[in-house]
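Please read it with the sequence and the coordinates at hand.

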Amino acid sequence: MTKYPWSRGMAGKHRHKYGYYYPERQDFTWSREGLPSTRADRKTPEAEIMDWADDVAYALHDTEDFFQAGFIPLDRLARDEEEQSRFLDRTFERWSREAKVLLGGREDYESDAANLFYEFPTEPWVSATARGIMARLVPIKINSYVSGLRFDSDSVTEDEHMRREIDLLKSLTWTYVIEAPALAAQQAGQRKIIETLYHYFVESAATNVHVLPAWARSYLGDETLTNQHGSLDMARQRVACDVVASLSDRQAYALHARLTGQEAGSVSAAIIR
């Protein structure tokens, strides 16, 4: 529940990764009751286990899926030193911008990367050989990484070698998929859609609540919501966030098209209820 046990900040790491918004501080405080003072701002052991499991699944299955889709060139990384160097250079540049704490020096990551590259298939996904290698590699790595945590009293320690490998595998998706120009443009457009919808629902919560779905109107009329968030304006912002978050991709695109005049739609076709 509190993978990142701190509120959203305005700068630095806490601006991008956080466990709650300031108005939710009471719920957050309640969720941490009973923890020893040494864990006041640290993940619980359960959260650390979840975080590790999430990273393992994300690193391996995304790598396999995007290799199959033709985005991550595992076959080139397995045999092309120039591709290997480009990948590592971009990875370390990004980690430097993020002020990532490295476990060991760059040479340790390069050594682990060399071992990973050696395990990758040397042929593209269409090859039966490549598919067979991946079918063996993924479960072998999962079984290995399961033993990557060590418990000592109330703390959890990660195996450094495995953490480096997982970070490198995750970087494959960042380098070849998330930072790809086409996806970056798509994400920028999606952010504009979310911002437009958010401002629309904030305004509606103040001037025309009937635009909101019934559950949101009921939520907004609850006095405890206003008391918890400190002001009616902040409560409206919270409700607007919840309404936007409740939309499917199809609903968000359709509603944005109506609001911006790109598509009139039909009054008989309700987008949200």
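The structure holds 24 salt bridges, each being a side-chain nitrogen of Lys or Arg within 4 Å of a carboxyl oxygen of Asp or Glu. This is a predicted model, in which local features need pLDDT of at least 70 and side-chain atom pairs count only at pLDDT 80 or more, while totals for chains, interfaces and linings use all residues. Residues are numbered from 1 along each chain as its sequence is written, and side-chain values use heavy atoms, with hydrogens and water left out.

- Side chains of opposite charge can pair when their charged atoms come close.
- Aspartate 55 pairs with arginine 163 in a salt bridge whose closest N and O atoms are 3.1 Å apart; the pair links distant parts of the chain, with aspartate 55 in helix H3 (residues 45-68) and arginine 163 in helix H8 (residues 160-178), 108 residues apart.
- Helices here are DSSP runs of H or I with at least four residues, numbered from the N terminus.
- Both aspartate 55 and arginine 163 are buried, where buried means under 20% relative accessible area, exposed over 50% and partly exposed in between, computed with a 1.4 Å probe on protein chains only.
- Within helix H4 (residues 74-79), aspartate 75 and arginine 79 lie four residues apart, about one turn of the helix, and their side chains meet in a salt bridge at 3.4 Å, N to O.
- Aspartate 75 counts as buried at 10% relative accessibility, whereas arginine 79 is exposed, with a relative accessible area of 53%.
- Glutamate 82 forms a salt bridge with arginine 86, with 4.0 Å between the closest N and O atoms, and both residues lie in helix H5 (residues 81-97), four residues apart.
- Glutamate 82 is exposed, with a relative accessible area of 58%, while arginine 86 is partly exposed at 42%.
- Salt bridges that share partners join Asp55, Lys100, Glu158, Arg163, Asp167 and Lys170 into one network.

**Helix H7**

- Helix H7 (residues 128-145) has 18 residues and reaches 26 Å from its first C-alpha to its last, close to the 26 Å expected at 1.5 Å a residue, the expected span being 1.5 Å times one less than the number of residues.
- The buried residues of H7 are Ala130, Met134, Leu137, Val138, Lys141 and Tyr145; seen down the axis of H7, these buried residues fall within an arc of 100°, so they line one face of the helix, with the arc taken from the directions from the helix axis to the C-beta atoms.
- On the other side of H7, Ala128, Arg136, Ile140 and Asn143 are exposed.
- The buried residues of H7 pack against H3, H4, helix H6 (106-119) and H8, contact meaning heavy atoms within 4.5 Å.

**Nonpolar cores**

- In soluble globular proteins, nonpolar side chains tend to be buried together.
- The largest nonpolar core has 33 residues, of which Phe120 and Leu172 touch the most other members; a nonpolar core is a set of buried Ala, Val, Leu, Ile, Met, Phe, Trp, Tyr and Cys residues joined through side-chain atoms within 4.5 Å.
- H3, H4, H5, H6, H7 and H8 each supply at least two residues of this core, and H8 gives the most, with seven residues.
- Apart from this core lies another, of 14 residues, among them Leu197, Val239, Val243 and Leu255.
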